[in-house]
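Good morning, and thank you for coming.

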Amino acid sequence: MTEASAAYFMLACYSPDEGDHAQYTYEPDDEERSWIIGLPFEQPPPVPVPVSIERGEEGLQPELTDVPLPLMSRRLAECLTAAGVSNIDFYPARVTEQASGRSHDGLLAFNLIGLVAAADLSRSTFSAPDGPLLSVDFDGLAIDPARVGAADMFRLAESVNGIVVSRRVRQAILDAGITTLEFILPEDWVG
C-alpha cells in the first residue's frame, strides 16, 4: 500500500533531526486514572495538569507525546477540533522546568476516548503474549476498515499505544502546516 492509497495512518512524533524533545515527568493525581485506555474520566483531573521537566531533561516541546501522559500542542488540538475530531477531552497542562523554575502552558493533556478493535490479525504480524487486546506487539499492522466505522481518530484496542488517524485527519494536519508529526503506514508500524 502507498501513502496515496492508505485510508489510515499511525500517528507519531519522533525526535527532531537536531536536538531532542524535552523529557517529561508526571505524578498522577489518582493512581486509578488511565490516560490511554480510551474511557472518559469519572472525575476530571485537577487543572492545570502538573508536568515537570527534570534538570538535564530540557529540550524542544513535542507536538505530541504519550509518555508519561498524552500531551499535544495547542495548535494540534485546534487543528483536530477544526477537522471535526470530537472524541478527545483536553485538559490544560502546566509544564515546569525544575532547573530554571520557568513554566509554560503550551501543551494540553488529552484523553482520546474510544478504543477500536480495528486490527485484522489474520493479515498482521504480531506477538500477543497477554492475549489479543491492549498490549499486542505489532511488527506490521493491517487495519480492517469495516471495523473502524466512522471514527477519524482512535486508539487501537489491540495495542493502546497506537493512535490511528484517517486520511482526512492526516490531510487536515498537513493543510494546517504542522510538519512535526509522522504518519506511518500501518504495515510499517512497530508498536
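**Around phenylalanine 41**

The charged end of arginine 33 is placed over the ring of phenylalanine 41, at 4.7 Å from the ring centre. Please keep in mind that this is a predicted model.

The model has 6 aromatic pairs, counting rings whose centres lie within 6.5 Å. In one of them, the ring centres of tryptophan 35 and phenylalanine 41 are 4.9 Å apart; their planes stand at 80°, so this pair is edge-to-face. Both tryptophan 35 and phenylalanine 41 are buried.

Phenylalanine 41 also pairs with tyrosine 91, in a tilted arrangement with 5.8 Å from centre to centre and 35° between the planes. Where in the chain do phenylalanine 41 and tyrosine 91 lie? Phenylalanine 41 belongs to the loop between β2 (24-25) and β3 (49-53), whereas tyrosine 91 is in strand β6 (residues 88-97); the pair therefore links distant parts of the chain, 50 residues apart. Tyrosine 91 is buried, as is phenylalanine 41. Together, Tyr26, Trp35, Phe41 and Tyr91 make up one aromatic cluster.

I now turn to strand β13. Of the 8 residues in β13 (residues 159-166), 7 are buried, so the strand is largely enclosed by the rest of the structure. Which strands are joined to β13? Strand β1 (residues 8-12) runs antiparallel to β13 and is joined to it by 3 bridges; here methionine 10 has valine 164 as its bridge partner. Strand β12 (residues 153-156) is also antiparallel to β13, with 4 bridges, and leucine 156 is partnered with serine 159. β12 and β13 form a hairpin, with 2 residues between them.

Technical notes: Residues are numbered from 1 along each chain as its sequence is written. This is a predicted model: local features need pLDDT of at least 70, side-chain atom pairs count only at pLDDT 80 or more; totals for chains, interfaces and linings use all residues. Side-chain values use heavy atoms; hydrogens and water are left out. Rings of Phe, Tyr and Trp (its six-membered ring) pair if their centres lie within 6.5 Å; planes under 30 degrees apart count as stacked, over 60 as edge-to-face and the rest as tilted. Buried means under 20% relative accessible area, exposed over 50%, partly exposed in between (1.4 Å probe, protein chains only). A charge sits over a ring if NZ of Lys or CZ of Arg is within 6 Å of the ring centre and within 35 degrees of the ring normal. Two strands pair if DSSP finds at least two bridges between them.
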